[in-house]
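Let's take a friendly walk through a protein model, one part at a time. Keep the sequence and the 3D view at hand as you read.

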Amino acid sequence: MGYETIRLEKPFVVDEIISIHYFEYTSTYSFEGESHNFWEFLYVDKGEVSVCAGECQHILQKGQIIFHKPGEFHSLCSCGGTAPNLVVVGFVCNSQHMRFFEERIESLGDSGRALLASIVTEASAAFSSNLGDPQMLRLDRRESAPFGAEQLIACALEQLLVRLVRRAGSLQTERSGTMMREHNQQDFIASMTRYLQDNLSRKLTLADICRDNLVGRSYLQKIFRERTGGGAMEYFGNLKIEAAKEKIREGCYNFTEIASMLGYSSIHYFSRHFKKTTGMTPSEYASSVKGLSGKAPESEHL
């Protein structure tokens, strides 16, 4: 008796990528708009943006993703006074199931963000093009690209599409104890994040965090490591650097003022922490952002 093969069903097949961007825009950024013959999505990784899609205007906040179908005019601008970070991906997919994403806005959870992070990471490895350049119209292959990097991009994108469709078709209430624990941990991290963001100007210690939130040190560290991959103080430091990057892009304060506003004891300690976290000094980061934001918006490609 011979074995029989079964051809795998693939509701979404992505064989062509047009663009992959990770933008760090200024708080006053504005893009006049465009339309094109391929699909594109925009994910807000930080801040808030106003997006025009066809005849509709939307305000997208951190964690939300919007899809633009082929031929749909779209534009965007920063809003809320916060410098936004955006992931923008253009791709070709001719599946009939793509109709699901027409005029679609979704919120991504941890798994969705992980897939986006994989797309951006593999794109940085596969292509030599600057993913932060809004004038970049073509992805150039990197000669030393890791084996299979482009395939991993396609796999992550296809998986993201499948998971979004699945989620919409199976909205279930959380019933099991495991899911309730997951929900409680998410609430705890959300509460702790709000507390840390509200205290970015302070020189907090781990003891301060535990005392102010009536939580044990071991539990605090355990949940943070499980949910963020690092300790509470590392997370707090990263929040400070993200806030510093926003303030640098907004261009309203000098480095000494930013260091003081974020609770650093000196400009030297701030600069060392900034470079350790980002790989650039504050001056280098400011120059790279100024070079990016100074380009003519009418020639930018989204």
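## A residue in a loop

Where is the place of Glu103? Glu103 is in the loop between β8 and β9 (105–107). Strands here are DSSP runs of E with at least two residues, helices are runs of H or I with at least four residues, and both are numbered from the N terminus. Phi of Glu103 is near 55°, a positive value in a residue other than glycine. Most residues other than glycine have a negative phi. Glu103 counts as exposed because its relative accessibility is 68%; exposed means over 50% relative accessible area, buried means under 20%, and partly exposed lies in between, using a 1.4 Å probe and protein chains only.

## How to read this model

The model is predicted, so local features need pLDDT of at least 70 and side-chain atom pairs count only at pLDDT 80 or more, while totals for chains, interfaces and linings use all residues. Residues are numbered from 1 along each chain as its sequence is written, and side-chain values use heavy atoms, with hydrogens and water left out.

## The five-stranded sheet

Look next for an open sheet of five strands in the order β1-β8-β3-β6-β9, with antiparallel pairing. β1 and β9 stand at the edges with a single partner strand each, so one side of each has no neighbour in the sheet. On average, neighbouring strands of this sheet are turned by 15° against each other, direction ignored; axes are lines fitted to C-alpha atoms (for helices, over the stretch in contact), and angles run from 0 to 180 degrees between N-to-C directions. Two strands pair if DSSP finds at least two bridges between them. For example, strand β6 (residues 64–68) and β9 pair in the antiparallel sense over three bridges, and the bridge partner of Gln64 in β9 is Ser107.

Ile20 belongs to strand β1 (residues 16–24). Is Ile20 buried or exposed? Ile20 counts as buried because its relative accessibility is 0%. Ile20 and Phe91 are 71 residues apart in sequence, yet their C-alpha atoms are 8.8 Å apart in space.

## The four-stranded sheet

Another open sheet has four strands in the order β2-β7-β4-β5, again with antiparallel pairing. Its edge strands are β2 (30–34) and β5 (56–61), and each pairs on one side only. The twist from one strand to the next averages 15°. Three bridges join β2 to the antiparallel strand β7 (residues 74–78), and Phe31 has Leu76 as its bridge partner in β7.

Which residue does Val51 stand opposite in β7? Val51 faces Leu76 there, and Val51 also stands opposite His58 in β5. Strand β4 (residues 48–53) is largely enclosed by the rest of the structure, because five of its six residues are buried. β7 is mostly covered too, with four of its five residues buried.

## The largest pocket

How much space lies in the largest pocket? The answer is about 1300 Å³. On a 1 Å grid over the protein atoms alone, a pocket is an open set of points where a 1.4 Å probe fits, with protein on both sides within 12 Å along at least five of seven lines; lining residues have an atom within 4 Å of a point. Grid points are joined across faces, edges and corners, and the volume is the space filled by probe spheres set on the points.

The largest pocket is lined by 35 residues, and Asp45, Lys62, Asp110, Arg113 and Tyr235 lie nearest its centre. Elements that each supply at least two lining residues include β3 (39–46), α1 (110–126) and α6 (232–250). α3 gives the most to the lining, with seven residues. The lining divides into twelve nonpolar, 14 polar and nine charged residues; Ala, Val, Leu, Ile, Met, Phe, Trp, Tyr, Cys and Pro count as nonpolar, Asp, Glu, Lys and Arg as charged, and the others, Gly among them, as polar.

## An annotated span

The UniProt record, an unreviewed entry, carries the annotation "domain: HTH araC/xylS-type" for residues 190–288. UniProt positions are given in the numbering used here, feature names are shortened, and annotations may be inferred rather than shown by experiment. In the model, residues 190–288 are 75% helix and 0% strand, and the end C-alpha atoms of this span lie 32 Å apart.
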